[in-house]
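Hi,

Here is the structure I said I would pass on.

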Amino acid sequence: MSDMPNAEERSGDARSQRKSKPADPLPSALVDRDQVQARSNAQKRKSFDRMFFWLCVAIASLSVVVLVVLLVSIGFQGQSRLTSDLINNSHSELEPAKSGMWPSIIGSLLVCGISGLVALPLGIGTAIFLEEFKPANKLLRTLHGFIQLNIANLAGVPSIVFGLLGLTVFVYMFNVFGQIQVNRPSDWELFGVNHYYQVLSLEPGQTILVPQQDQSQTTIKISEPIEGIDNDGNPFQIEIWDRASGPKPADRETRLKTVKKGAVGGSYSKRSWYYFRLPFGKSFLAAGLTLGLVILPVIIIATQESLRAVSPSLREASLGLGATQWQTTRNISLPAALPGILTGAILALGRAIGEAAPVLVVLGAAIAKNRGPENLMDSVVTMPVLIFNWAGRPQDVYQQLAAAAIIVLLVVLLALNSVAIYVRHKVQSR
Amino acid sequence: MKFTRPPVALIAMVALGLLVGCDSSKTTTSAPTADSVQTDSASESTLVGDIKIDGSSTVQPISDAIREAFIAQHPGVKITVGGEGTGNGFKEFYGKATDISDASRPIKPGELEKAQAAGVKFVELAVAYDGLTIAINPDNDWVKSLTVEQLEKIFVGKDAAKKWKDVDPSWPDQEIKIFSPGTGSGTYDYFKEVVADKQEMRGDMTLNENDNVLVQGVAGNKFSIGFFGVAYYTQNASILKAVPIVNPEINEPVLPTTENIASGKYAPFSRPLFIYVSEESLARAEVQTFVEFYLENVSTFCAEGKVDYVQLPGDLFERTMTIFDDVTTGTHFIDADGNSREGAFAELYVAESLDAK
């Protein structure tokens, strides 16, 4: 750097010398060589600089080109399926052309919401502990270092491993609470469920529910009149009909309240939306919690980075004014780091929406569902799983649907991101 | 700089926004539910309940199709159809986690033992046929047909044929490129059972769980060969060529056409698909109604091309109906000593197989 102006000076010198005294061989040759060398040197450096600049441009645009190629090819493949059916309908096996992804959009958003609700407080809390409350005590300092090390490791763990973790921890809960089985109420149903027996009435396709008293008894045989409930939940007396007592009642209303003598009822659990049970089983809650684990390290690291970027002088000023560590964190560090935290959070949530592997491990590959989850323990279809399934189908229609679904997924992601950018902008301009 | 409360409030707002987002989505989903319940309660079924199905990904499309038609009539019934593979399906089934297990092969002795130990009794219902197609590249002009022995040379063992020449000296001196479904699939199991007997399959095949990858692999290389369910062949018939397989009994090559699969002529690669229904679950009205609906419709769905499988011949389907009507539990394919029975499906799927127990 420092010899550059020197060289410039010298070459300027040399030029004037050459003009005035062209006949002087030795010094001019010497000077000339110097000047030529300097000039070519500068040229080389400058052209190298230019080359490097264009290389950077090329590299930067390469990633954009790849994205554009991807979008164009997907758009081309999927545009024929970008109809309102895609948004409004659910997966259809009988009419593939009318298949849609509505339940999976809802499912993805809900699962992502759960993971955010769990991972954001946990992640931001951990980051605050790691950055703002660095312990002085030796034991705590070791713990601090240990946590820090582990989080860095966790961020590099493949998501499918988190899927297996979620399967053991959330879906089966180490079998501590027993297993979820069909035909048997689970032992740890905490709230939101009523057990009934379902018995066919004399009217075809119409059933009667009988409240279940003893849960260990999975079936009931009705041989004498007992109390049942109708569709609106009102109790009424069930009437019994058997062949000996004459022909079947002709009146529809009566038939609806009558069962055949000896009719068998199987168990049925009516669940409210807040139905809660342990273990979680293959439910959307388990999927959300698992994805929460996946994005937790991402959130922690992003929050740490943005807290670290807050100028220490701000903190020191606050502490110097007599504020406690908590007051400093709450009033100074957190607000200043908020834009960064929000960016990290939204990137993490974007990852949660796009993850297929852990959801596949936790929930399995069921895709046919007409609605989003109806209770906390209900199963769910997410967009990546649906795309994964469609892309593996032999029919062309499903291939196109998969492409169209990818577009929808990207749009949802972009929408989420732009909300984040907007919020961040608002916070920053404050 | 004003670092006071508002940011905290803003965080709360964002969190709330998330929640509200969830809530609003919930209400919009429940809206159609309420509608359907209203319209249905007047005339249609009030059947309610949960049915859990898991198992073969080959049978999953059939079960999904039936499910779709079923819930159009009985909107109160919730049916989950998983497709984690026949083996995993049975694991869930004897773990009492599912009511119905889809299977692309009969239950194995080990699985039966566990089911018996867990006290799970079941009815074994064959619902359709699937033809396993061995496909080659359309440019392949030397393979006219293959025998099971030739397939064994290609697919089985460490010293399997490396080049086409090794199978038949008149074939080209080119390396064989092999595409096979993953080891977890029932398709792989079935092929292995027919071709490899008790030996190991060769280790240097391209395995993939996604059958479309296999299709593309075979279509992209002149010297390749692969196998998958017939659905993947019929959907890609323009870029693949199905190999006629020599039926060992009549000793003539047979193509995997619908007729040949249905008549059993496409042996030994037409395989039956099953559903296994837990006897305990069958006591529930919704399961009973669903399985009845399944059996009433599955053949029509196959015949109308709504699912890419082949309907069972009448006499075999008669047998399925009998088992369902009588609720005869047990499997046809394992004898009283716990050993697998050998023989053609049609010969084993008879009343005597169950009576022998």
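**Salt bridges, domains and a surface patch**

Let's start with A:Arg308, which is partly exposed because its relative accessible area is 45% (buried means under 20%, exposed over 50%, partly exposed in between, with a 1.4 Å probe and protein chains only). Before going further: this is a predicted model, where local features need pLDDT of at least 70 and side-chain atom pairs count only at pLDDT 80 or more, while totals for chains, interfaces and linings use all residues. Residues are numbered from 1 along each chain as its sequence is written, chains are lettered from A and ligands numbered from 1 in the order in which they are written, and side-chain values use heavy atoms, with hydrogens and water left out.

Back to A:Arg308: what does its side chain meet? A salt bridge joins it to A:Glu131, at 3.0 Å from N to O (the term means a side-chain nitrogen of Lys or Arg within 4 Å of a carboxyl oxygen of Asp or Glu). The two sit 177 residues apart and link distant parts of the chain, with A:Arg308 in helix 8 (residues 284-308) and A:Glu131 in helix 4 (residues 102-132) of chain A. Helices (H or I, at least four residues) and strands (E, at least two) are DSSP runs, numbered from the N terminus. A:Glu131 counts as buried, because its relative accessibility is 12%.

A second pair in chain A is A:Arg255 with A:Glu203, at 2.9 Å from N to O. This one also links distant parts of the chain, 52 residues apart: A:Arg255 is in helix 7 (residues 252-256), and A:Glu203 is in the loop between strand 1 and strand 2 (207-211) of chain A. A:Arg255 has a relative accessible area of 22%, so it is partly exposed, while A:Glu203 is at 12% and therefore buried.

Over all chains, the structure holds 26 salt bridges. One network of them links A:Lys369, A:Arg371, A:Glu374, A:Asp378 and B:Lys78.

Now the domains, whose bounds come from an automatic or database domain assignment. Chain A has domain 1 (84-176 + 279-429) and domain 2 (193-271), with their C-alpha centres 46 Å apart. Chain B is split into domain 1 (49-130 + 270-348) and domain 2 (131-263). Their contact takes 13 residues from domain 1 of chain B and 14 residues from domain 2 of chain B (contact means heavy atoms within 4.5 Å). The C-alpha centres of these two lie 27 Å apart.

Chain B has 15 helices and twelve strands, and 51% of its 357 residues count as buried. Is B:Thr98 buried or exposed? It counts as buried, because its relative accessibility is 3%. B:Thr98 lies in the loop between helix 3 (86-94) and strand 3 (100-103) of chain B. Leaving aside neighbours within four places in sequence, its contacts include A:Val182, B:Lys52 and B:Phe93.

Last, the surface of chain A. A:Trp188, A:Leu190, A:Phe191, A:Trp273 and A:Tyr274 make a nonpolar patch of about 560 Å². The elements giving it two or more residues are strand 1 (188-200) and strand 8 (263-278) of chain A. Patches are made of residues with over 30% relative accessible area and no salt bridge, with like charges joined within 9 Å and nonpolar side chains (Val, Leu, Ile, Met, Phe, Trp, Tyr) within 5 Å. Areas come from the Shrake-Rupley method with a 1.4 Å probe, and for residues only the protein chains shown count as cover.

Cheers
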